[in-house]
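Subject: Structure handover, with notes on salt bridges and a helix pair

Dear colleague,

Please find below the structure I promised to pass on. My notes on it follow directly after.

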Amino acid sequence: MRPLPRVFAVTTDTICRTPDFGVRAAAIAAAGPAAAIVVRAPGSTTAAHAGFAERVAALAKPTGAAVLVHARPDLARAVRAQGVQLRRDDLAPRDARAVLGAGWIGVSVHSRTEAEVAIAEGADFLVAGSVYESRSHPDRPARGTEWLHQLCELGRAVVAIGGVTPDRAPELRAAGAWGAAAISALWEADDPGRAVLALLAPWLEAA
């Protein structure tokens, strides 16, 4: 399996339905294998979610960018995505593996206990947050980079999420994060392609 991407651009239902979604997704995918688009559309029908995933997969294929489908290993397999990102109340990673087959399985975690359970159940990587205060999840407390560092010592790649911006990327890498995930910092940027490269920069510099 190829290396896990460093930057994850997570969608929402609203983002997937914007008129320029394809243009923005293509700009993000231009970063190539270091980037992944996580197709997340929890308020949409299964058919719509699958349609969004198929569209992103077609846009990402020429550049080698990865596609992950949120919460639905069946849809991920159907569109030949590179993986799935699960919530803690979705299928356990080992059960998702039986559906997905080959590919990455990530699990969103919000505590050390959740992280330890996800690892024990076979998660390939963790999506940990909220590291900072997040506009998309204002009810979740900011955990901070020390908490992030503690999760990074558990033996799985950790992708930081929650209030992530390019300016904060160096301290996320310094805390041990494998990479970072963002919504607004990428999709709402004036130039999504440039925003991806800015978020990716600390990991490229350390390579």
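Is R72 buried, partly exposed or exposed? R72 is partly exposed, because its relative accessible area is 25% (buried means under 20% relative accessible area, exposed over 50%, and partly exposed in between, with a 1.4 Å probe and protein chains only).

Before the rest, a word on the basis of these notes: this is a predicted model, in which local features need pLDDT of at least 70 and side-chain atom pairs count only at pLDDT 80 or more, while totals for chains, interfaces and linings use all residues. Residues are numbered from 1 along each chain as its sequence is written, and side-chain values use heavy atoms, with hydrogens and water left out.

Salt bridges

A search of the whole structure gives eight salt bridges, a salt bridge being a side-chain nitrogen of Lys or Arg within 4 Å of a carboxyl oxygen of Asp or Glu. One of them joins the side chains of R72 and D74, at 2.7 Å from N to O, and D74, with 35% relative accessibility, also counts as partly exposed. Another joins D20 and R24 at 2.9 Å, N to O; here D20 is partly exposed at 32% relative accessible area, whereas R24, at 18%, is buried.

The side chains of R97 and D124 meet in a salt bridge as well, at 2.8 Å from N to O. This pair links distant parts of the chain, 27 residues apart, with R97 in helix α5 (residues 93-100) and D124 in the loop between α6 (112-120) and β6 (125-128); helices (H or I, at least four residues) and strands (E, at least two) are DSSP runs, numbered from the N terminus. Both ends are partly exposed, R97 at 27% and D124 at 29% relative accessible area.

Helix packing

Helix α2 (residues 21-29) packs against helix α3 (residues 46-60) at an angle of about 45°, with the axes 9 Å apart; axes are lines fitted to C-alpha atoms, for helices over the stretch in contact, and angles run from 0 to 180 degrees between N-to-C directions. The two helices are therefore oblique to each other (under 35 degrees counts as roughly parallel, over 145 as roughly antiparallel, 65 to 115 as roughly perpendicular, and the rest as oblique). The contact, meaning heavy atoms within 4.5 Å, is made by F21, G22, A25, A26 and A29 of α2 together with R55, V56, L59 and A60 of α3.

Best regards
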